[in-house]
Amino acid sequence: MITSFTAFILSELLLYQYPLLFTLAFLGAFAFPVPSTFSLVMASALSANGYFDFYLVAGTALAGNIAGDTAGYLVARRFGIIFFDRFGFGRKLAHGFFGSLLDFVRARPGLLIFSSRFMTEINPAVNVLAGLAHIPYRRYGPFEIAGETVYVALFSLVGYALGDAWQSGQAFISWLGLCLSLFGVFAVSVQVFLWWLRRHRGGYHENP
Amino acid sequence: MKRTYLRILGMIIISMLGVSALVAGAFALRQYAHLREGDALRPGSLRELRHLRQSGSIPRADTGSITPWMTFAYVNHVFGLPEGYLHETLAIKNSAYPRLTIARAAADAHMSEAAYLGQLRTAINTFRTQDHASSTTP
């Protein structure tokens, strides 16, 4: 049984197809809580009977995700400090917990950026952190593109393989998403912990 | 002292995250096995899957799978119906057809979704019977 919200998204997806898929992927990656992963899986499932083109679905979702992530990163990079300064939080960004967080992002952005692509709730926050930390795009871009490519390929293939049986596969998709998110959080936590240990042993040298 | 506590706390949190990820992975695998048993998830290359679907090895959609969120364009595509067939048979007046949902068409016709779906399924089955009869007639 599907909820009325799910039914609404499905109807809109059938009506507006690729532009809606791109918009949802973009908004989800940028910051808004929209069902972007669900629409990717559904469009892929509907491409199994030829209504959507599978490669076009994957390409559209990938383009939307990369565009949304990059927009979030660029906005934070360009206006982030100005925004926080304006509301009196500028000093907090340079010291204390946020300062350490930005130091970590500057020191080791790769795994954090890559693994956060699977966590749609955390992904926008990591883009903002990368922007605030002024990570150069040549360091941000490759991890961003690689992470999004794996994410889109995985969920679109699951959707395509399920095809008409997508309703019976909802539990599998939910558990798969949760498992990937938890592994991502686990990997980043291990990295943060090791970084913290090294830093407090005095073996850590901050980036200039 | 505080640092030691933080270190232990960090290790506990990381271990819990690792265990949670493994548990979620085990549940995902269980669901995967369940789908494989039910023949819902077919592993293989994209080409293989596409070939299976095109060759008809996977059964054609049945009319019971039609739900109100579907559009007429989608139903026409899935069941291989000519674009004007349902428009004519169900006397749809909404100009948005075929980019119109079944739920919307039912509301336009002042009918319950279930009753409208019944009419739609009958129309598709009739088309299939006629189509089959015309293709077998010499």
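Helices here are DSSP runs of H or I with at least four residues, strands are runs of E with at least two, and both are numbered from the N terminus. On that basis, chain B comes out with 6 helices and 0 strands, and reading along its sequence gives the pattern α-α-α-α-α-α.

A quick word on ground rules: this is a predicted model, where local features need pLDDT of at least 70 and side-chain atom pairs count only at pLDDT 80 or more, while totals for chains, interfaces and linings use all residues. Residues are numbered from 1 along each chain as its sequence is written, chains are lettered from A and ligands numbered from 1 in the order in which they are written, and side-chain values use heavy atoms, leaving out hydrogens and water.

Chain B exposes about 8,700 Å², with carbon and sulfur atoms supplying 59% of that (Shrake-Rupley method, 1.4 Å probe). As for contacts (heavy atoms within 4.5 Å), 56% of those in chain B between residues at least 6 apart in sequence join residues at least 24 apart.

Leaving aside neighbours within four places in sequence, B:Phe72 is in contact with residues including B:Leu86, B:Tyr97, B:Ile102 and B:Leu120. B:Thr71 sits in the loop between helix 2 (46–55) and helix 3 (72–79) of chain B. B:Thr71 is buried, at 1% relative accessible area. Not counting residues up to four places away in sequence, B:Thr71 touches A:Ser11, A:Leu14, A:Leu15 and A:Tyr51, plus B:Pro98, B:Leu100 and B:Thr101.

In chain A, the axes of helix 2 (residues 36–47) and helix 3 (residues 54–86) come within 9 Å and cross at roughly 165° (lines fitted to C-alpha atoms over the stretch in contact, with angles from 0 to 180 degrees between N-to-C directions). These two helices of chain A are therefore roughly antiparallel, a label for angles over 145 degrees. The contact is made by A:Leu40, A:Ala43, A:Ser44 and A:Ser47 of helix 2 and A:Phe54, A:Val57 and A:Ala61 of helix 3.

Technical notes. Parallel < 35°, antiparallel > 145°, perpendicular 65-115°, else oblique. Buried < 20%, exposed > 50% of the residue type's maximum accessible area, 1.4 Å probe, protein only.
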